[in-house]
Amino acid sequence: MNSTEFSKQKGNASFAHRLLEWYKINAREMPWRIPPHDHAQGVRADPYHVWLSEVMLQQTQVATVKDYFLKFISKWPTLFDLAQSDEEDILKAWAGLGYYSRARNLKKCADFIVTEYEGQFPQNFETLKKLPGIGDYTASAIASIAFDEAVAVLDGNVERVMSRHQRIEAYFPDAKADTKAMLAHILDKEQPGEFAQATMDLGATICTPKRPACSLCPVNEDCKGFKNGDAELFPYKKPKKEKPIRKGAAFVLQNEKSEIFLCKRSQSGLLAAMTQVPTTQWNSRQDGSEDITEAPIEANWKKMGIAKHTFTHFHLELTVWYAEGINNVPIKGWWCKVEKLSEEALPTVMRKVLERALA
Ligand code: SF4
């Protein structure tokens, strides 16, 4: 299906109109979003807020992102504030969201915009996508939502709506380019940002992955998937490759003051520069030893079970060992009070390890 064929279909002239009318009443409230009524009065979204939220929303649910977004905005109200902060502080505030290179790129991008653009976001898609850490999708979202540039914004929700509405019988992500072309053709040129957010909301609330509420859908009258009764088959996805299981061990040490020993991961590779308890040498390509002989110090170690975590390309199973009453550890690191652990840049896998050890 190409955009020309799409344009010939009956009813498509009003696709955007029907969607925008629905959005006026049904828009989801989000702390980074300008509600449709305010947008109609000329209020525009802050590009800093759009950027931050879109980076956070990659691979993460809206409900989780809301709290992180509010934390970031209260700590760093402007892009200048973020540029002046330490990367370490950003990693600490980001801890738990995963994909930590995104947090590091936030700092790089903020620095770049302050240095090269006097702290003002460039206002078009082509320039935005050249910024550090900003890919096609984020550039299109900022250009569309903050600057009303008529570019197609295709996230997973929009992909689902379009593939069902048009019964796109091609696999994603291969079908992305054609679908973007269709979207560019049908989006509302006067309100592209509202159109983008309306399509996202339709996918998130009505055209859901399972059991879409087609009877409530504002674009059901010309939806091919609905007419054919097979909407749920779309979008076509290639079968996922099985993820390998990697193994390793993690060593939780507590001193006589009940503090926990922490150290830094290396500056490159998986979870680079994040905080951890000592572990064996696992990474995305190889297992580490699960054995106590790999512990950083001899002690009365207790096996506390397995902490499991899934990364993008593999599952990890860490055997958790615990020892107490240890005051000196022969590796570089620091002691942290248990109640202060939440302030450390601990990735989710390490939080799971600590929960298992301290349960
Ligand atoms: Fe999705 Fe159903 Fe609406 Fe079609 S009619 S776009 S399948 S919710």
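Leu-70 counts as partly exposed because its relative accessibility is 46%, where partly exposed covers the range between buried (under 20% relative accessible area) and exposed (over 50%), computed with a 1.4 Å probe on protein chains only. The structure is a predicted model, in which local features need pLDDT of at least 70 and side-chain atom pairs count only at pLDDT 80 or more, while totals for chains, interfaces and linings use all residues. Residues are numbered from 1 along each chain as its sequence is written, and side-chain values use heavy atoms, with hydrogens and water left out. Leu-70 is placed in helix H5 (residues 62–75); helices (H or I, at least four residues) and strands (E, at least two) are DSSP runs numbered from the N terminus. The C-alpha atom of Leu-70 is separated by 8.9 Å from that of Trp-32, although the two residues are 38 residues apart along the chain.

Helix H13 spans residues 192–205 and has 14 residues. From its first C-alpha to its last, H13 reaches 20 Å, close to the 20 Å expected at 1.5 Å a residue; the expected span is 1.5 Å times one less than the number of residues. H13 is mostly covered, with 12 of its 14 residues buried. Among the buried residues of H13 are Pro-192, Phe-195, Met-200, Asp-201 and Leu-202. The elements that cover them include helix H2 (15–26), helix H3 (36–40) and helix H4 (47–57), as well as helix H10 (136–147), helix H11 (156–165) and helix H12 (176–186). One of the buried residues of H13, Asp-201, is also linked with Arg-28 and Arg-33 in a network of salt bridges.

Thr-208 is found in the loop between H13 and helix H14 (224–228). With a relative accessibility of 17%, Thr-208 counts as buried. Not counting residues up to four places away in sequence, Thr-208 touches Arg-160, Arg-164 and Gly-203, a contact being heavy atoms within 4.5 Å. Gly-203 is itself one of the buried residues of H13.

Side chains of opposite charge can pair when their charged atoms come close. A salt bridge is defined here as a side-chain nitrogen of Lys or Arg within 4 Å of a carboxyl oxygen of Asp or Glu, and by this rule the count comes to 16 salt bridges. One of them joins the side chains of Arg-18 and Asp-222, at 3.1 Å from N to O. Arg-18 lies in helix H2 and Asp-222 in the loop between H13 and H14, so this pair ties together parts that are 204 residues apart in sequence. Arg-18 is buried, with a relative accessible area of 13%, and Asp-222 is buried at 8% relative accessibility.

Another salt bridge is formed by the side chains of Asp-174 and Lys-238 (2.8 Å, N to O). Asp-174 is in the loop between strand E1 (171–172) and H12, and Lys-238 is in the loop between strand E2 (236–237) and strand E3 (245–254), so the pair ties together parts 64 residues apart in sequence. Asp-174 is exposed, with a relative accessible area of 54%, whereas Lys-238 is partly exposed at 43%. The side chains of Arg-246 and Asp-287 also meet in a salt bridge, with 3.8 Å from N to O. This pair links distant parts of the chain, 41 residues apart: Arg-246 is in strand E3, and Asp-287 is in the loop between strand E5 (275–276) and strand E6 (302–310). Arg-246 is buried, with a relative accessible area of 16%, and Asp-287 is partly exposed, with 41%.

The domain assignment gives domain 1 (3–237) and domain 2 (245–358), with bounds that come from an automatic or database assignment. The C-alpha centres of the two domains lie 37 Å apart. Eight residues of domain 1 are in contact with 14 residues of domain 2. The size of an interface is often given as the accessible area lost when the parts come together. Between domain 1 and domain 2 the buried area is about 800 Å², of which carbon and sulfur atoms give 53%; this is the accessible area (1.4 Å probe) that two parts lose on being put together, summed over both. The count of salt bridges between the domains is one. Lys-264 forms a salt bridge with Glu-88, the closest N and O atoms being 3.2 Å apart. Helix H7 (residues 87–94) gives the largest share of the side of domain 1 that touches domain 2, three residues.
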